[in-house]
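I opened the model today to look up a few things. These are my entries.

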Amino acid sequence: MRTNKPISSSLDWVTVTLYLIMIVFGWLNLYAANTSPDATDFFDTGKEYFKQLIWIIVALLSVGVILLTDSKFFVEFAYIFYGISILLLLAVLIFGVPINGAKAWFQIGTTRFQPVEIAKVASTLAIARVMSRFEFSIYNLSDIAKLGLIWFIPVAIIILQNDTGSALVFVAFFILFFREGMSPFVILFGFIAIIVFILTLIIPNYTIHMVLAASFFVFLFLKGLRRESLISAVVALSIFGISALVFKSRGADINYDLALSFGMAGASMYLIFRALIKRLSIVWIFLMMFWGSVVFAYSTDYFYEKVLNDYQRSRIMVLLGLKDDPLGAGYNVNQSKIAIGSGGFSGKGFLQGTQTKFNFVPEQSTDFIFCTVGEEWGFLGTTSVITLFVFLLIRLIKLAERQHSDFSRIYGYGVIGIFFFHFAINIGMTIGLAPVIGIPLPFFSYGGSSLWGFSILLFIFLKLDTNRNELIR
Amino acid sequence: MGKSNRAILISIFFGLIGLIFVIRLFVLQVIDPTYKYLADSNTHRKITEFPSRGLIFDRNGKLLVSNQAVYDVMIIPREVKAFDTLDFCNALNITRTELDGLFQELRQNIRNRKASTFKPSVFFKQLSAEQYGIFQEKLYKFSGFHVQRRTLRKYEFHHAAHVLGYVGEVNDAMLQRDSYYALGDYTGISGIENTYENYLRGAKGARYVLVDVHGREKGLLRGGRIDTSAISGKDLTLTLDIDLQAYGEFLMQNKIGSIVAIEPATGEILAMISSPGYDPALLVGRERSKNFPVLSNDPLFPLLNRAIMSGYPPGSTFKTVMALIGMQEGVLKESTRYGCQMGYHARGLSVGCHAHSSPLDLVPSISNSCNAYYCNVFRTVLDNPAVGTPQKGLDKWKEYLLNFGFGSRLGSDFFNESRGFIPGSSYYDRIYGGRRWGSLTVISLSIGQGELLTTPIQMANMTAAIANKGRFYTPHVLKSVKNDTIPMRFRTIHQTGIDSVHFVPVIDGMEQAVWGDYGSTARIARIPDVRICGKTGTAQNPHGKDHSIFVAFAPKDNPKIAIAVYVENGGFGATYAAPIASLMVEKYLKQEIHTSRKWLETRMVEANLINENK
Ligand SMILES: [Zn+2]
């Protein structure tokens, strides 16, 4: 049941307007960030804002092509796009030029292109295709495996390119998985795993072990197993004490890790015994969770100390903000905060910024473009940009929810996740709330391929939305 | 949880993140004034003020190392505007090709994230004061460039290079380890410049100047209230006597070897010579990049500090400690006599000796350096029935030597000291596969040969311990630090575990070695009016002529100097090491060489043991 209505009548003009406002405002900022009062810049590599203008035109042309394409095309060719994007990712590993340590760019003349932008679009399409299949179930193991593989292959290649920031963007798909019925506990476990991982890096293992043990007993107690909880705690403590004394008597340093493990092993044996007699299934779950966390803590520590090399370790520490990187991340954030802070309530005015103009903020036109907004437009400007983004995201949720076909909705949530991740991490990092992960702010950051990629990503969804009342197969 | 509920949940989550951002920005932009201060209405630029490094004096207050000012041309790449390159080259006195090379290097550094386009980095290093004057006049024409004052070392004496060490640029590892340093900073790389870096470096200061949109300075940020001035490094006084040091280097010219002289009462090192050496001024600033490869590729290793890093067998000088161990163990008395028939002969094994009267007791055994005597002493120590087995005996013997500072680092001022080597029973168990060895198997240890390795500083320390009758301070070159104290380990006395009475015959033996009748081994070391006590030694050298060794202290009563001299390929101890040691002692105690010994001085200076054919 195709309709012959003109596309303009079913296109969501609200989103299109938001898009255009962002593109225009973004370009003005780029212009401001790149204009210095005196002319010739010795190390200039061509005016960025001029190049960006050309990319905007290219993006708008591509958007036009997408709107004229049949929606079915995106479903049909989802896997082929995905395959091509994987090949491009592999090709860049071989033919790419390394920039800032990541081998993620093709260079033709002075123009650079990052295939990860295509990979984001293609992966979203492929994931939408897999998940919208009629018999797909998020509880079916082989379906999950297929989905996981589609998700994991690009992530693995991007990590090989040493472009960790872009690889992390793929975490954004968890918003889509959540919407499609993934248990919230998966996200909760993810959070706990990240927290345990960070903790293993900053505090000794046995402290984590001890905290886990203590909470284990408290949970048991709260679950009503008072007797079991108290007795097993006493068992654990006494075995721990005895082992510590044995270590001491042999003149060695006390191995707290081992002593604790002995103690908890004793307590576990007692609890298993009780569980078998009294058929306490909750005990099994608690035991599994406890030992699972302990093994996880020790194995991440082992992985970190033994598997990773110095360079990788230091990158992780910098990423988590546990270590200063005077020439890199730490400096950037401080300068970025100064620039934003100096903007005050209403900003210094268009082209009047000094912090961002005078090259005090590094990568000001790419990852730190938000500083220019902050300095020249002040709190009013930054709040406007945030409002624009939140408004866009909520608008996109509304659009996604009104889709008749699963494919469109799932794709829509993929787009939402990616936009949200970029928005949250990029702005979060410029104001010191998120770790410094070099990913661009959609429509604002300098960079042709990212602007083009975000436009494509968004407008495929808007095109699908024009057929919202149909079942696209 | 219904699926449309989840859509609402996600929307709320997004809104919440947006709200957190807005609150954070409100704090950052409206409430908190810190960032506005930092940015002010202009931008600021931080200008580092480098402190001058601490000065270094010798024990008599003579200035050894001071500083000279140089000027680094700095660049902030993003501020550089097109300029007249010819004019620029002339101002720096470089060619166009060199300029291109500098830009090339800068781009490389920016690409590798070692330099940045928005922060200053060193463009051209170490302009002299005169060149700086020329450049400074034209500086206004070159936007993006400025000049940073730094200091380099200046050496008032061209001696003691190994002790002083040198200063160089920090490497990546150091930048990682210590946040004080920035790329291009200087730090002590070796010697005391390295060990006492924290005293010497002082603290950097910072000046913040306001800069307008055109990059021009517009006065001080917040009236200069947040500026800090540089704090100069602390001055060091060394225990070295630079005149004695210079004299030692003079005597050791064209010879390979080492001299270490110590004041026994304090452990202070009076001179530490490693030959061949080099002029410390060769490793300053621009000169270093030219000279360092030459020095490090020299087959004679002039950069090696042999005084602390080279291990040699101690040879017969070791008989002094052997006698002390024997007496302390109760198996040797001053009156103990052993015969010698041109050596020691037992069960088919022979250790040769030279012609002298026989039998001898302890004092003449040292002055005549009888090998057979010490073979006997050594065997009684190892086979002492009170100890049990030769293995236990050897370990007991080793324990005494460790107490004398052998077999481990003494803990002087230098991080790269060698430990030397004293074999114990486990070592021989490994070699002979279990307990299949006895006192006779390892007999060559008794005369300081075999697997033994000791460094010149350890030998000088042993001599000081003998001079002190059983006690010593860790040898060190740091005498004092201005407004600070020297490390505790230099002020702690060590005991060798040997009773002071046992030193009397040993010292008498050493005295007789120099002052005794015909047959004494070191008569050449006699100094008029100075009762010097010494012991010669010869270290077997499988690669060539034996090494000449002499240890000595003087005067006999209340000793002022203890010395160890090694001359590689110098043959017998009395040939080179003993004369050189005695000249050093004479120079230190008498300030000049007696006319009757001038010929000896000349002969030592003129001896060329490196390239005799030349
Ligand atoms: Zn003899």
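Is Cys353(B) buried or exposed? I found a relative accessibility of 13%, so Cys353(B) counts as buried; buried means under 20% relative accessible area, exposed over 50% and partly exposed in between, with a 1.4 Å probe and protein chains only.

I noted that this is a predicted model, where local features need pLDDT of at least 70, side-chain atom pairs count only at pLDDT 80 or more, and totals for chains, interfaces and linings use all residues. Residues are numbered from 1 along each chain as its sequence is written, chains are lettered from A and ligands numbered from 1 in the order written, and side-chain values use heavy atoms, without hydrogens and water.

Zinc entry. I listed Cys340(B) (SG), Cys353(B) (SG), His356(B) (NE2) and Cys370(B) (SG) as coordinating the zinc ion at 2.1 to 2.4 Å. Donors are N, O and S atoms within 2.8 Å of the metal (3.2 Å for Na, K and Ca); water is not among the atoms, so sites may look incomplete. The angles among the 4 donor atoms are 103 to 125 degrees, and the site is tetrahedral, a term for four donors with all angles between 85 and 135 degrees. The donor residues follow the spacing C-x12-C-x2-H-x13-C. His356(B) has a relative accessible area of 18%, so it is buried.

Helix entry. I looked up H11(B), where Gly285(B), Arg288(B), Asn291(B) and Leu295(B) are buried; helices (H or I, at least four residues) and strands (E, at least two) are DSSP runs, numbered from the N terminus. An α-helix has 3.6 residues a turn, so residues three or four places apart point the same way.

Conventions. Four donors count as tetrahedral if all angles lie between 85 and 135 degrees; four count as square planar and six as octahedral if opposite donors are over 155 degrees apart and all others between 65 and 115; anything else is irregular.
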